[in-house]
Amino acid sequence: MSEEQKNMEAERSLSLEAQFEARIARDEKIEPKDWMPEKYRKTHIRQMSQHAHSEIVGMLPEGNWITRAPSLRRKVALLAKVQDEAGHGLYLYSACETLGITRDELYEQLHTGKAKYSSIFNYPTVTWADMGAIGWLVDGAAIINQVPLCNTSYGPYARAMIRVCKEESFHQRQGFEIMIKLAGGSPEQKEMAQDALNRWWWPSLMMLGPTDAESVHTEQSMKWKLKRKSNDDLRQQFIDQTVPQAELIGLTIPDADLKWNEERGSYDFGDINWDEFWQVVKGHGPCNKERMNARVGAWEGGEWVRDAAMAYAEKKESRKNKKVV
Ligand code: BYC
């Protein structure tokens, strides 16, 4: 390319970038075939694939309890919730594919540890009350994070989020209902609910990401309207919404420093153990190995199904071609 051509190319992409920024400023949706900066494309693949992987890995801790749900009604609701999560993962993988990455590449990134998934799913589910706590707290935090994403700038992500949020809201209610029942039950049941709240509270706060001061992507993602609220704002909103719910059902949030701040109109809360968070993110949480083994095992175990489907498709195609000749 000559120097002149290079300059023309740079000028063209500058004006494309200016047009792109103007569209973002006007709150227009960016669609898959529209021009977009390479960094916008990459950061969307990063966040959306992390989200998709979280949904798929997130099925594991709850899948653990489907066969042990205490009644048929509970089993049906939990089964439906876990199936919804598979669906969310699939919409999100499809949305990622519109940005020019293949499903196989996305899986490969998860299986080799190159792509992250939410820290929260690396904790064990040891009692039935954990199903309540996950629905109430984890899905509760997810809704707070995801409702603003219905308004994100990338069209396929924003549209996927509308349905995801409706389903998350059912998940949150099924979890809270389990907690209401346990908290109002026998002393042993109430203790089980309190124990689950004690174990899931802090990881749920961490799930919303590092503090704004530590968050490397927030500034740019907010500019591109990929993120509509910062991690700290979402965390505060989650706390303010959840504390009264715990009070309503007679459970205690495990934070001695939690206190209503009249001036700010929200709760002050204690220090989050960010060392624990980063340990979990780096792969050293209580269940990271177990989760990855389950996903990689499912991928390897399903190889023969994929091979058979491909062989069948090829056979069908070659028969069709023979008929045409
Ligand atoms: N876990 O600059 P930051 C669900 C990483 S699924 C692990 O603040 P960003 C559900 C972050 O990726 C819930 N890693 O990042 C499913 C970055 O590392 P990289 C999942 C985390 O993107 C089943 C680094 O830390 N929801 O709801 O601006 C059952 C610096 O962070 C985490 C979504 O994925 C974490 N918790 O903000 C029930 C929603 N937090 O990538 C429920 C969409 C941060 O540079 N995602 N990191 O290597 C988001 O909204 C944002 O990506 C986050 C992080 C708020 C999570």
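**Ligand site and pockets**

Student: Which backbone atom lies 2.9 Å from an oxygen atom of the ligand?
Tutor: In this predicted model, the atom is a backbone N or O of valine 216.

Student: And which polar side-chain atom lies 2.9 Å from a ligand oxygen?
Tutor: That atom belongs to asparagine 231.

Student: How much of the ligand does the protein bury?
Tutor: The protein buries 92% of the 1,000 Å² that the ligand exposes when taken alone.

Student: Which residues around the ligand come nearest?
Tutor: The shell holds 34 residues, of which Gln50, Lys116, Ser215, His217 and Lys227 come nearest.

Student: What is the make-up of that shell by class?
Tutor: The shell around the ligand has 14 nonpolar, 13 polar and 7 charged residues.

Student: Which element gives the largest share of the shell?
Tutor: Helix α2 does, with 6 residues.

Student: How much space lies in the largest pocket?
Tutor: About 1,200 Å³ of space lies there. The largest pocket is lined by 49 residues, and those closest to its centre are Arg46, Gln47, Gln50, Met207 and Gly209.

Student: Which elements give two or more residues to the lining?
Tutor: For the largest pocket, these are α2, α4 (72–97), α6, α7, α8, α10 (231–248) and α11. The largest share of this lining, 9 residues, comes from α2.

Student: How does the lining of the largest pocket divide by class?
Tutor: It divides into 20 nonpolar, 15 polar and 14 charged residues.

Student: Changing topic: what volume has the second largest pocket?
Tutor: Its volume is about 220 Å³. Thirteen residues line the second largest pocket, and Gly113, Ala115, Tyr117, Val281 and Gly283 are the closest to its centre.

Student: Which element gives the most to the lining of the second largest pocket?
Tutor: Helix α11 gives the most, with 4 residues. Both α11 and α12 (288–301) supply at least two residues of that lining.

Student: And how do the residues of that lining divide?
Tutor: The lining of the second largest pocket has 6 nonpolar, 4 polar and 3 charged residues.

Note on methods: Residues are numbered from 1 along each chain as its sequence is written. This is a predicted model: local features need pLDDT of at least 70, side-chain atom pairs count only at pLDDT 80 or more; totals for chains, interfaces and linings use all residues. Side-chain values use heavy atoms; hydrogens and water are left out. A residue is near a molecule or strand if one of its heavy atoms lies within 4 Å of it. A polar contact is a pair of N or O atoms within 3.5 Å; within protein, one must be able to donate a hydrogen and the other to accept it, and residues adjacent in sequence count only if both atoms are side-chain atoms. Accessible areas come from the Shrake-Rupley method with a 1.4 Å probe; for residues, only the protein chains shown count as cover. Ala, Val, Leu, Ile, Met, Phe, Trp, Tyr, Cys and Pro count as nonpolar, Asp, Glu, Lys and Arg as charged, and the others, Gly among them, as polar. On a 1 Å grid over the protein atoms alone, a cavity is a set of points where a 1.4 Å probe fits but cannot get out, and a pocket is an open set with protein on both sides within 12 Å along at least five of seven lines; lining residues have an atom within 4 Å of a point. Grid points are joined across faces, edges and corners, and a volume is the space filled by probe spheres set on the points.
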